[in-house]
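Hi everyone, thanks for having me. Let's look at a structure together and talk about what holds its parts to one another.

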Amino acid sequence: MSTRIAFLKGHGTENDFVIVPDPENAIELPPAAVAALCDRRAGIGGDGLLHVVRSAAHPEARHLAAEAEWFMDYRNGDGSIAEMCGNGVRVFARYLQRAGLVGEGDLAVATRGGVKTVHIAKAAAGGDVTVGMGKALLPEGDIAVSVGDRHWPARNVNMGNPHAVAFVDDLAHAGTLYDPPPFSPVSAYPDGVNVEFVVDRGPRHVAMRVHERGAGETRSCGTGACAVAVAAARRDGADPKATGSPVTYTVDLPGGSLEITERPDGEIEMTGPAVIVAEGEIDAEWLETVNP
């Protein structure tokens, strides 16, 4: 291993990530190392880590190499593996553009949640990145979430990762969101769940806070924003499959706003900013010391 490892830092609506370019999958990143890098005091700091690997070089993505050259090996801030991260995909694409590996326009990115189609807008148009997030699954069954003495029914939405969406009167009712909000039945989410608390801001305009499993409260969650838009549309009687017309919601998060569109075929698109703010080097010797 080199004594220096390149990294970048980026964010999408303030959902921030450590980016580790590693095209040939040569860098070992066990959970303890990822958690150390994402530590905001002793490390670089981030809600998660984007490990940039060619699909053909990663055992989990080789079967996708013909569809997508690049694999987003995404890790949560605690080092655990996640299926997908919507804001992460946008930042991942921005890194590839910055590195000269892709240009403006369309590209495919492999993730554990499948291959995602990404569109990088021209800088003159604001430079936003649009991600095809796939279709939402809406598992049946009653779900409830709670904070303290308050309890709410929640909509079960799966965006390649699980979400419980609760509509509340005041976002402050979500509390600190340091710890995972309790949910029931526990059997609904055996691997944990991302929990979104949502209030209305206007017609097809909502605001949310989120506890992301493995990260705590984050400034933004792309898959969460998609889950919220789908849950809000169903609550509002706006099912694109039934009406034949796409529906778009603006979703405000603590770190900014995302535009979520669900099409009649069920495909969901998310549009928002993606910014690279810094780059540097990790000391490989330090990284080895944080592994047990």
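This is a predicted model: local features need pLDDT of at least 70, side-chain atom pairs count only at pLDDT 80 or more; totals for chains, interfaces and linings use all residues.

Find helix H1, residues 31-38. Which of its residues are buried? They are Ala33, Val34, Ala36, Leu37 and Cys38. The cover over these buried residues includes strands E2, E3, E4 and E18, along with helix H5.

Now for the charged side chains. How many salt bridges does the structure hold? There are 18. Let me walk you through a few.

In one of them, Arg112 meets Asp73, at 2.5 Å from N to O. Arg112 sits in the loop between strands E5 and E6, while Asp73 belongs to strand E4, so this pair ties together parts 39 residues apart in sequence. Are the two partners buried or exposed? Arg112 is partly exposed, at 22% relative accessible area, whereas Asp73 is buried, at 0%.

Next, look at Arg213 and Glu83, whose side chains meet at 2.6 Å, N to O. Arg213 is in the loop between E13 and E14, and Glu83 is in the loop between E4 and helix H2, so the bridge ties together parts 130 residues apart in sequence. Here Arg213 is buried, at 17%, and Glu83 is partly exposed, at 27%.

A further salt bridge joins Arg234 and Glu262, with their closest N and O atoms 2.8 Å apart. Arg234 lies in helix H3 and Glu262 in strand E16, 28 residues apart. Glu262 is buried, at 8% relative accessibility.

Notes. Residues are numbered from 1 along each chain as its sequence is written. Side-chain values use heavy atoms; hydrogens and water are left out. Buried means under 20% relative accessible area, exposed over 50%, partly exposed in between (1.4 Å probe, protein chains only). Helices (H or I, at least four residues) and strands (E, at least two) are DSSP runs, numbered from the N terminus. Contact means heavy atoms within 4.5 Å. A salt bridge is a side-chain nitrogen of Lys or Arg within 4 Å of a carboxyl oxygen of Asp or Glu.
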